[in-house]
Each structure stands twice: as C-alpha cells, then as structure tokens.
Amino acid sequence: MGAEEHKRKAPKKFKFAVITVSDTASRGEKEDKSGKFLIEELEKAGHERVYYAVVPDEKIAIIGAVVEAFRAGAEVLVTSGGTGIASRDVTIESIRPLLDKELTGFGEVFRLLSYEEIGTAVVMTRATAGIIRSSGRTMAVFCLPGSLGAARTGIKIILKEAGHVLKHGRE
C-alpha cells in the first residue's frame, strides 16, 4: 500500500491541542500570535480544539500541559516555542522522554522548508514530532519553534500528515 492510499484511509478530522511555550506570553507581556494562528488554521480545516495553554519555559509546566492535553482528548498536539538552543529552551527535553516513537523526518522536512525562507539560521531549530501512547490511545505531537513564520511553515506539514501519523501510530 502506497503513501497516498494510506492517507486516504487516515482520519480526516481530529481533536487537537495547542501549547505555546513562552515566558513572556505566559506572563501576559506579549500576545501569543503563533498559538492563535495554529488554532485558527486547524479549526479552518475542520478540526476540533479541545485544549489550549500558554506556559512558561519550565519543564514541569510543559509536561503538565501535555498531560492535560491528553486528558482533554487531544489526538494531535502542536507546541509552539522552546525548540531553540537558549538555556530556557526546554520543550524538546521535556517532551522527548514522553514520546513512544520520534518522527525525525518531520524535523528534517520542517528545516528543509524553513531553509528556503530563513537560510542557514535554520540550524538553530530542533523542531521534532512523535507519538505518545497511553491508556489505549495515541496522540501525535508536533513541536515547532515559536515564531509566526515557523507556525506558517509547520502547519502546512501538519495539516497534510497528522491524520497519516495518527493512522500508523494507532497500529
């Protein structure tokens, strides 16, 4: 069975969560433009939002929000922020241990598309994806950088592949 046939059999609609990881946005010092954009695009595509949070760049806050998203019934989780190399960028370190499978190809494709937009600065991102399995359920997780440009680039991939990832993650 080819990739296109797999995609045809994949879920067309899903419940989603968005978590923005940002010290300044969590304190209300800046607007969460990226998170709001991701929600808007996912809802426009017909998906149902079940959870949204803005948390500081703190491991326990991030993990807690991921657990809450799962408990809320999210099948797809998109995070925005905390994927760089600054000392406060701990999204990947917080989420990676929760992943049952990591999808390194997501980060590779994200960086390829981002390179066309921002050039070699793309080496600073650690965008990744994977799946979390628990209680007989699967949640696909996509971790994006916090910029609006990154959200625009990432959502294109996510909208095309999230259902496909869910299909295989549930197998």
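Begin with α6 and α7: α6 passes α7 in a right-handed crossing (the near helix is turned clockwise from the far one by less than a right angle). This is a predicted model, in which local features need pLDDT of at least 70 and side-chain atom pairs count only at pLDDT 80 or more, while totals for chains, interfaces and linings use all residues. Residues are numbered from 1 along each chain as its sequence is written, and side-chain values use heavy atoms, without hydrogens and water.

Select residues 104-118 for helix α6 and residues 148-169 for helix α7; the two pack at an angle of about 130°, their axes 10 Å apart. Helices here are DSSP runs (H or I, at least four residues) numbered from the N terminus. The axes are lines fitted to C-alpha atoms over the stretch in contact, with angles from 0 to 180 degrees between N-to-C directions.

Next, select the contact (heavy atoms within 4.5 Å). From α6 come F106, V109, F110, L113, S114 and E117, and from α7 come G149, A150, T153, G154, I157 and I158. The residues of this contact divide into 7 nonpolar, 4 polar and 1 charged.

Move on to the largest pocket, which holds about 200 Å³ of space. A pocket is an open set of points on a 1 Å grid, where a 1.4 Å probe fits, with protein on both sides within 12 Å along at least five of seven lines; lining residues have an atom within 4 Å of a point. Among the 15 lining residues, I118, T125, P145, S147 and A150 lie nearest the centre. α6 gives the most to the lining, with 4 residues.

Methods:
Ala, Val, Leu, Ile, Met, Phe, Trp, Tyr, Cys and Pro count as nonpolar, Asp, Glu, Lys and Arg as charged, and the others, Gly among them, as polar. Grid points are joined across faces, edges and corners, and a volume is the space filled by probe spheres set on the points.
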